[in-house]
Each structure stands twice: as structure tokens, then as C-alpha cells.
Amino acid sequence: MAYSPILLVHILGGTIGLLSGTAAMAFRKGSPRHVLAGKIFVASMLVMSAGAAYLGVTKHQPANVGGGIFTFYLILTAWLTARRADGQTSKLDWAALLIPLSLGILSWMNGVTVVRSGASSQAGVPVGMIFFMGSVQLLAATGDIRMLLGGGVLGARRIARHLWRMCFGLFTAAGSFFLGPSNRPLRLLSTVGIGQHLPRALFSMGLYLFLTILPLVLMIFWLVRVRFSNKYKKTSSEYRTQQSRALFREQSLSG
């Protein structure tokens with residue numbers, strides 16, 4: 001079976017993204033291994049999502065175009081959140097806001113159109129998934145608006161923003177790889193001639209479903225841990241103290 005260069009790069013990026021993303025979640029947060037795995041994850045996922053959007057355009061698949069763009073946005077904004085200090089924003093955040101806002105509105109409009117037509121899916125995508133993705137996109141846009149109006153995020157909120165965007169990006173990649181209509185794991189392994197030599201349990205839909213949902217389960221675990229961890233609450237408190245001291249010094253100098 002022949003593959004186009006872009007498709008090969010897309011598949012390679014997705015495969016490396018799944019492996020490095022799993023490693024990043026397994027390693028201790030903030031450790032050198034976690035940082036290295038995270039960098040590999042970001043680079044591979046940006047390549048994968050850009051490839052998905054391009055292939056979606058060439059194959060006239062709007063769902064893949066939107067999914068690729070949204071995944072690219074999630075990973076990029078998650079990376080920027082981790083790179084910045086508490087309370088920092090930029091003009092790029094205002095531009096990025098338009099992505100989830102536009103995609104969320106279009107997804108809901110599309111979902112309503114599918115429901116009114118009496119269909120239960122569109123191009124193999126269940127209408128429930130269309131509404132789910134649209135809701136997540138609008139949730140991401142809401143988070144961007146709150147961050148921008150609040151002058152940035154800090155402490156536990158900043159870590160939570162980074163975590164959920166990274167994990168949800170990994171979830172979309174896993175869903176595309178394991179639950180896509182092309183049954184990619186079986187197809188790829190069969191193409192290289194080793195699929196028939198592996199246990200059939202490796203190709204079960206139950207296993208694929210578990211591996212797809214696992215990033216969401218880990219996302220919830222880490223979000224709860226961050227929410228109730230004194231470490232991140234302390235970080236937020238220290239930031240507010242530093243800001244108050246800086247403001248006091250400015251007022252003293254101006255006086």
C-alpha cells in the first residue's frame with residue numbers, strides 16, 4: 001500500500017506523539033525526563049496536527065481540518081502556558097482565541113444541522129461527538145477569555161491549563177489512531193508483514209477504546225491532584241505577595 005510523504009510524516013508524528021505523551025505523563029512532573037518527553041511530544045504533535053489539517057483539506061474532509069487545527073491550538077497554547085511565568089499573556093493569545101471560538105460555533109451549528117436532517121452521524125462521526133467537541137472548543141475559548149481579562153493565570157490554574165490542553169490533545173491523537181475508520185494499527189502492522197504474527201487481542205476494539213480514553217482518565221487524576229495540592233496553592237500565594245510588594249514599591253517611588 002503506497003503512502004504519500006505527508007501522510008507518512010503525519011503517521012510518524014502521531015506515533016511519536018503517543019509514545020512521548022505517555023512517557024511525559026509517567027515521569028515525575030518537572031523532572032528532566034518529563035521536560036525532554038514533553039518537548040518531543042509538543043514537536044511531534046504539532047507536526048501531526050498540521051499534517052492532519054493539510055490532508056483534510058486535500059481530501060475534502062472538514063472534520064479532519066477542524067480536528068487538526070484544534071489539536072495544533074491546544075498543544076501550542078499548552079506549551080506557551082508552561083513556558084511563561086505566572087500572570088503573563090501576549091497578543092498571540094488574542095489571535096489564538098479566535099480558533100476555538102470559531103470552531104466551537106461551527107461545530108454546534110453543524111451538529112444542529114445533522115440533527116434536523118434526521119441523521120445520527122456525519123462522515124462517520126456520531127452527532128454526539130460533534131456536540132462534545134464543539135463544547136470542548138467553546139470551553140477552551142472561555143478559558144482564554146478569562147485568562148486575558150484576568151491578566152493571565154497563575155499557580156494551580158496555570159498548571160491545570162497546561163495539563164488539560166496537553167492531555168486532551170493526546171486524547172484526540174489516540175482517538176484518531178485507534179478508533180479511526182481506517183483501523184490504523186491493524187493496517188500499519190499488516191502492511192509491514194507482522195500483523196498476522198501478533199496476538200489478536202492486540203487488535204481488539206476494547207483495547208483501542210481503553211487506550212483512547214486513558215488520557216482523559218489521567219487528565220482528571222492530575223487536575224484533581226493539582227487542585228488540592230498545597231504546592232501549587234503556595235505558588236499562587238507567593239505570586240500575589242510578590243505583586244503586592246512590587247505595587248507598594250512603585251507607589252512609594254512615585255510618592
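Predicted model: local features only at pLDDT ≥ 70, side-chain atom pairs only at ≥ 80, totals over all residues.
Residues are numbered from 1 along each chain as its sequence is written, and side-chain values use heavy atoms, with hydrogens and water left out.

**Exercise 1. The fold**

Task: State the order of the elements in the protein and how many of its residues count as buried, as a percentage.

Solution. 
Step 1. The protein has nine helices and two strands. Helices (H or I, at least four residues) and strands (E, at least two) are DSSP runs, numbered from the N terminus.
Step 2. Read from the N terminus, the order is α-α-α-α-β-β-α-α-α-α-α.
Step 3. Of the 255 residues, 40% count as buried. Buried means under 20% relative accessible area, exposed over 50%, and partly exposed in between (1.4 Å probe, protein chains only).
Step 4. Among contacts with a separation of 6 or more, 70% are between residues 24 or more positions apart. Contact means heavy atoms within 4.5 Å.

**Exercise 2. Helix α6**

Task: Compare the span of α6 with its expected value, then describe the surroundings of His162 and Phe171.

Solution. 
Step 1. From first C-alpha to last, the 25 residues of α6 reach 36 Å, close to the 36 Å expected at 1.5 Å a residue. The expected span is 1.5 Å times one less than the number of residues.
Step 2. Because 20 of its 25 residues are buried, α6 is largely enclosed by the rest of the structure.
Step 3. His162 is in α6 and counts as buried, at 17% relative accessibility. Beyond its neighbours within four places in sequence, His162 is in contact with Ala78, Thr81 and Ala82.
Step 4. Phe171 also lies in α6 and is buried at 11% relative accessibility. With neighbours within four places again left aside, the contacts of Phe171 are Phe132, Thr212, Pro215 and Leu216.
Step 5. Phe171 and Met219 are 48 residues apart along the chain, and their C-alpha atoms are separated by 9.6 Å.

**Exercise 3. Salt bridges**

Solution. 
Step 1. The whole structure holds four salt bridges. A salt bridge is a side-chain nitrogen of Lys or Arg within 4 Å of a carboxyl oxygen of Asp or Glu.
Step 2. Arg158 is buried, with a relative accessible area of 15%, and Asp86 is buried at 12%.
Step 3. Asp144 lies in helix α5 (residues 127–149) and Arg161 in helix α6, so the pair links parts 17 residues apart in sequence. Asp144 is buried at 1% relative accessibility, and Arg161 at 7%.
Step 4. Salt bridges with shared partners join Asp144, Arg161 and Arg165 into one network.

**Exercise 4. Pocket and cavity**

Task: Describe the linings of the second largest pocket and the second largest cavity.

Solution. 
Step 1. On a 1 Å grid over the protein atoms alone, a cavity is a set of points where a 1.4 Å probe fits but cannot get out; a pocket is an open set with protein on both sides within 12 Å along at least five of seven lines; lining residues have an atom within 4 Å of a point. Grid points are joined across faces, edges and corners, and a volume is the space filled by probe spheres set on the points.
Step 2. The second largest pocket holds about 660 Å³. Its lining has 25 residues, with His34, Gly38, Ala82, His162 and Met166 nearest its centre.
Step 3. Elements giving two or more residues to this pocket lining are α1 (5–26), α2 (32–58), α3 (62–83), α6 (155–179), α8 (205–227) and α9 (230–254). The largest share, seven residues, comes from α6.
Step 4. The pocket lining comprises 15 nonpolar, five polar and five charged residues. Ala, Val, Leu, Ile, Met, Phe, Trp, Tyr, Cys and Pro count as nonpolar, Asp, Glu, Lys and Arg as charged, and the others, Gly among them, as polar.
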